[in-house]
Amino acid sequence: MENDTSRVTEFVLLGFPIGRKEEILLSAVLLAMYILTLVGNLAILAIVPTSRQLHTPMYYFLCNVSVLDIFFTSVIIPQFISNLLSGNKTISFAGCITQCYFYFFLGTVQFFVFTSMSYDRYAAICTPLHYHTLMNGWVCTHMVLGCWMGGFLSVLFPTILISRLPYCRSNVIDHFFCDSGPLLELSCSDTRMIELMDFLLSSIVILCSLVLTIISYAYIISTILRIPTSSGRRKAFNTCSSHLTIISISCGITIFIYVKPSQKGTLGLQKIPAVLTAIVCPFLNPFIFTLRNDTVKGVLKQCLVQLKDVVVHRVLQCQRGSAAVRKALRGKL
């Protein structure tokens, strides 16, 4: 076969070595998780703009995390479910490269946003008197734009290089989505430069995010421990615990998968961790951020009470309208 990518028009995603019944069950579980992920994140996007209590930088960043989670899961899960249900596990070459790009682009932006959130918590707890100056609307907007632009540019060049590689060994990817490691494994050219570039970019993004977050939380914990009352310490830590939980899980799993000079020797070990980063973490994020946050829970309760009042009011209106119609009909008879 010639070393020409034009001969590769599609790839085959092997996914997991399970039977047909198990594939149907897995697709049902994935569909339920996908729907709940969308509902949870859309709920956050709905309540934050409508509640003045949540008009703070922390929830502005949280809205961006919700947008990222929606896009992130939409890049992976629908294609995976389609492959499981149809039994046709192919994906076009262009679709595979696009999926690979957006997976790393959105993941990189998410790490940048998590790092920005750690700085926001540092400014709120360690320098409360200067918080509104340090984290004003202009600063927050430019921080978020920087996160998105940084993710877009850092992933673009490696993805272009991967798309131009000759794939002459096989078109079968031993994964459930188009990850960079399996794609490099299929190339018949020397991919060491791209592997080194991926390693350096992953190390810079993930380890720098982790180090900056650790530094921020070292100052935060030191400040919290100096708060004289236990209720004050608990309230201060509650504002940070959700973010710390999510970034610890995300960094730990992603370091295991991507922060290594070459991924080729461990491709078979990456599927389960990849499920956690691509499916489980976006599913858990909205629930961790809401269930462990008293302010969000309070706003949700208010929204539910208001919704209940609206529904009751509509029902009463319908009942009155029905009674009026019946009365009018009786009068005519």
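Is Cys178 buried or exposed, and what is its relative accessible area? Cys178 is buried, at 0%, where buried means under 20% relative accessible area, exposed over 50% and partly exposed in between (1.4 Å probe, protein chains only). Everything below comes from a predicted model, in which local features need pLDDT of at least 70, side-chain atom pairs count only at pLDDT 80 or more, and totals for chains, interfaces and linings use all residues. Residues are numbered from 1 along each chain as its sequence is written, and side-chain values use heavy atoms, with hydrogens and water left out.

**Figure 1. The overall fold has ten helices and three strands.** Helices (H or I, at least four residues) and strands (E, at least two) are DSSP runs, numbered from the N terminus. Read from that end, the order is β-α-α-β-α-α-α-β-α-α-α-α-α. Of the 333 residues, 44% are buried. Take the contacts (heavy atoms within 4.5 Å) between residues at least 6 apart in sequence: 79% of them join residues at least 24 apart.

**Figure 2. Cys96 and Cys178 form a disulfide.** The structure holds one such link, counted when a pair of cysteine sulfur atoms lies within 2.5 Å. Here the sulfurs sit 2.0 Å apart, and the angle of -120° about the S-S bond makes the link left-handed. Cys96 belongs to helix 3 (residues 93-126), while Cys178 is in the loop between strand 3 and helix 6, so the link joins distant parts of the chain, 82 residues apart. Cys96 is buried too, at 0% relative accessibility. As for other cysteines, Cys63 is buried at 13%, and Cys208 is partly exposed at 39%.

**Figure 3. Phe16 and Phe176 stack their rings.** Rings of Phe, Tyr and Trp (its six-membered ring) pair if their centres lie within 6.5 Å; planes under 30 degrees apart count as stacked, over 60 as edge-to-face and the rest as tilted. That rule gives 20 aromatic pairs. For Phe16 and Phe176, the centres are 5.7 Å apart and the planes at 20°, so they count as stacked. Phe16 is in the loop between strand 1 (10-13) and helix 1 (20-50), and Phe176 in the loop between strand 3 (172-173) and helix 6 (180-186), so the pair ties together parts 160 residues apart in sequence. Phe176 is buried, at 1% relative accessibility. Both rings belong to a cluster of ring pairs that also takes in Phe72, Phe80, Tyr103, Phe104 and Phe177. The charged end of Lys271 sits over the Phe16 ring, 5.8 Å from its centre; the rule asks for NZ of Lys or CZ of Arg within 6 Å of the ring centre and within 35 degrees of the ring normal.

**Figure 4. Phe283 and Phe287 make a tilted pair.** Their ring centres are 5.5 Å apart with the planes at 55°. Both residues are in helix 9 (residues 271-291), four residues apart, or about one helical turn. Phe283 is buried at 18%, whereas Phe287 is partly exposed at 29%.

**Figure 5. Glu23 and Lys89 form a salt bridge.** The term means a side-chain nitrogen of Lys or Arg within 4 Å of a carboxyl oxygen of Asp or Glu, and the structure holds five. In this one the closest N and O atoms are 2.8 Å apart. Glu23 lies in helix 1 and Lys89 in the loop between helix 2 (57-86) and strand 2 (90-92), so parts 66 residues apart in sequence are tied together. Glu23 is buried, at 6%. Arg20 joins Glu23 and Lys89 in a network of salt bridges.
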